Amino acid sequence: VYNGLTYNTIEHVFQAKKIELVDKEKALWFTVESNHEIGQGDGEMARKNRKLVKLDKEHLTAWSKIRDQIMKDAAIAKYATSEEARNVLMATKEAELWHIMPRAAPVRFTHLEEIRHHLCK
């Protein structure tokens with residue numbers, strides 16, 4: 001649950017919040033409550049629909065300013081409510097955590113490392 005709505009994955013939150021900059025109704029398709037096939041699908045379904053709307057230069061600039069915080073906030077919500085996810089994250093101990101996608105540069109997920117560190121306290 002993120003901002004009062006239910007999402008199947010963090011990817012759903014991430015794509016919804018980006019699309020919301022242009023079209024709030026289409027962004028809701030990523031929620032479980034919408035009963036839309038995107039909202040009912042997995043993270044791959046959410047990622048495949050990332051270009052549901054076109055972001056102009058102004059929207060891309062706005063997105064670049066908020067995207068990292070949205071990713072972190074969605075992850076905090078996930079690990080606060082899912083014991084299984086917390087256990088998996090904690091099992092990584094002190095490892096660096098990287099997000100690797102085909103045809104994209106790897107991104108270190110320091111926000112997950114920070115969440116893990118916070119959970120250790």
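What volume does the second largest pocket have? The second largest pocket has a volume of about 230 Å³, in a model that is predicted, where local features need pLDDT of at least 70, side-chain atom pairs count only at pLDDT 80 or more, and totals for chains, interfaces and linings use all residues. Residues are numbered from 1 along each chain as its sequence is written, and side-chain values use heavy atoms, with hydrogens and water left out.

**Pockets**

A pocket here is an open set of points on a 1 Å grid over the protein atoms alone, where a 1.4 Å probe fits, with protein on both sides within 12 Å along at least five of seven lines, and lining residues have an atom within 4 Å of a point. Grid points are joined across faces, edges and corners, and a volume is the space filled by probe spheres set on the points. Helices (H or I, at least four residues) and strands (E, at least two) are DSSP runs, numbered from the N terminus.

| Pocket | Volume | Residues nearest the centre |
|---|---|---|
| Largest pocket | about 970 Å³ | Glu11, Phe14, Met71, His99 and Phe109 |
| Second largest pocket | about 230 Å³ | Val1, Tyr7, Asn8, Thr9 and Lys78 |

By class, the lining of the largest pocket holds 13 nonpolar, 6 polar and 11 charged residues, where Ala, Val, Leu, Ile, Met, Phe, Trp, Tyr, Cys and Pro count as nonpolar, Asp, Glu, Lys and Arg as charged, and the others, Gly among them, as polar.

The second largest pocket is lined by 13 residues, with helix 1 and helix 5 each supplying at least two. Its largest share, 4 residues, is again from helix 5, and the lining comprises 7 nonpolar, 5 polar and 1 charged residues.

**Helix 6 and helix 7**

The axes of helix 6 (residues 83-91) and helix 7 (residues 110-120) come within 10 Å and cross at roughly 100 degrees, which means that helix 6 is roughly perpendicular to helix 7 (65 to 115 degrees). Arg86, Leu89 and Met90 of helix 6 meet Leu112, Ile115, Arg116, Leu119 and Cys120 of helix 7 in this contact (heavy atoms within 4.5 Å). The contact comprises 6 nonpolar, no polar and 2 charged residues. Within helix 7, the buried residues are His111, Leu112, Glu113, Ile115 and Arg116, where buried means under 20% relative accessible area and exposed over 50% (1.4 Å probe, protein chains only). Helix 5, helix 6 and strand 2 are among the elements that cover these buried residues.

**Individual residues**

Gly43 lies in helix 4 and is buried, with a relative accessible area of 19%. Its C-alpha atom is separated by 5.8 Å from that of Thr9, 34 residues apart along the chain, and, not counting residues up to four places away in sequence, Gly43 touches Thr9, Glu11 and His12.

Most residues other than glycine have a negative phi. Asn3, in the segment before helix 1, has a positive phi of about 50 degrees although it is not a glycine, and is exposed at a relative accessible area of 61%. Asn35, in the loop between helix 2 (24-28) and helix 3 (37-40), has a positive phi of about 60 degrees and counts as exposed at 63% relative accessibility.

Technical notes. Axes are lines fitted to C-alpha atoms, for helices over the stretch in contact, and angles run from 0 to 180 degrees between N-to-C directions. Angles under 35 degrees count as roughly parallel, over 145 as roughly antiparallel, 65 to 115 as roughly perpendicular and the rest as oblique.
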